[in-house]
Amino acid sequence: MATYAAVIDVRTPEETASGYLEGALLFDINGGMFAEQISTLDKSANYFVYCRSGNRAGGAIEQMKAAGFTGELTNGGSLADAASATGLTVVQ
């Protein structure tokens, strides 16, 4: 597995309230601030992105690529999938 600069949860605040990966950046892709939030990140770094099913994570990755991100961008799928893949703890 690649080394990731950050894990990014792109779900809504309501969804993350029920649990998210420890240390994850909470960047709601539908919240209107996503482009601004990702603009603060290192575009050459690797990121692991997850949501509820993987659909929004895929959309987030496409937006990140369009914004010039060149590092590895991994779609982690759901919270459970992401927890399994990263070994990170789910916190509430």
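Which strands does α3 lie across? In this predicted model, helix α3 lies across β1, β4 and β5. Against β5, helix α3 runs at about 165 degrees. Keep that helix in view, and turn to the strands.

The sheet has 4 strands. Read across it, and the order is β3-β1-β4-β5. The sheet is open, and its pairing is parallel. Which strands stand at the edges? They are β3 (25-26) and β5 (73-75). Each has a single partner strand, so one side of each is left without a neighbour in the sheet. Look at one pairing in detail. Strands β1 and β3 pair in the parallel sense over 2 bridges. In β3, Leu26 is the bridge partner of Asp9.

Now follow strand β1, which covers residues 6-9. Ile8 is found in this strand. Is Ile8 buried or exposed? Ile8 has a relative accessible area of 1%, which is under 20%, so it is buried. Ile8 also brings separate stretches of the chain together. Ile8 and Phe48 are 40 residues apart along the chain, yet their C-alpha atoms are separated by 6.1 Å. Leaving aside neighbours within four places in sequence, the contacts of Ile8 include Leu25, Leu41, Phe48 and Met64.

Ile8 leads us to the largest nonpolar core, which has 18 residues. Nonpolar side chains tend to be buried together in soluble globular proteins. Among the residues with the most contacts inside this core are Ile8, Val10, Phe34 and Met64. Which elements give two or more residues to the core? They are β1, α2 (34-38), β4 and α3. Helix α3 gives the most, with 4 residues. A second, separate core has 9 residues, including Leu21, Ala24, Leu79 and Ala83.

Not counting residues up to four places away in sequence, Val10 touches Phe34, Val49 and Ala60, among others. Arg56 is also one of the residues that Val10 touches. We will meet Arg56 again below.

Next come the charged residues. How many salt bridges are there? The count comes to 4. One of them joins Asp9 to Arg11, with the closest N and O atoms 2.7 Å apart. Both of these residues are buried. Asp9 has 0% relative accessibility, under the 20% limit, and therefore counts as buried. Asp9 lies in strand β1. Leaving aside neighbours within four places in sequence, its contacts include Thr16, Tyr20, Phe27 and Tyr50.

Another salt bridge joins Arg52 to Glu15, and here the closest N and O atoms are 3.9 Å apart. This pair links distant parts of the chain, 37 residues apart. Arg52 sits in the loop between β4 (47-50) and α3 (55-66), while Glu15 is in helix α1 (residues 13-16). Their surroundings can be told apart by accessible area. Arg52 has a relative accessible area of 59%, over the 50% limit, so it is exposed. Glu15 has 19% relative accessibility, under the 20% limit, so it counts as buried.

Arg56 forms a salt bridge with Glu15 as well, the closest N and O atoms being 2.8 Å apart. That pair also links distant parts of the chain: Arg56 is in helix α3, Glu15 is in helix α1, and 41 residues separate them. Which residues make up the network of salt bridges? Glu15, Arg52 and Arg56 are linked in it.

Methods. Residues numbered from 1 in each chain as written. Predicted model: local features only at pLDDT ≥ 70, side-chain atom pairs only at ≥ 80, totals over all residues. Heavy atoms only, no water. Salt bridge = Lys/Arg side-chain N within 4 Å of Asp/Glu carboxyl O. Buried < 20%, exposed > 50% of the residue type's maximum accessible area, 1.4 Å probe, protein only. Contact = heavy atoms within 4.5 Å. Core = buried A, V, L, I, M, F, W, Y, C linked by side-chain atoms within 4.5 Å. Pairing = 2+ DSSP bridges. Axes fitted to C-alpha atoms, helices over the stretch in contact; angles between N-to-C directions.
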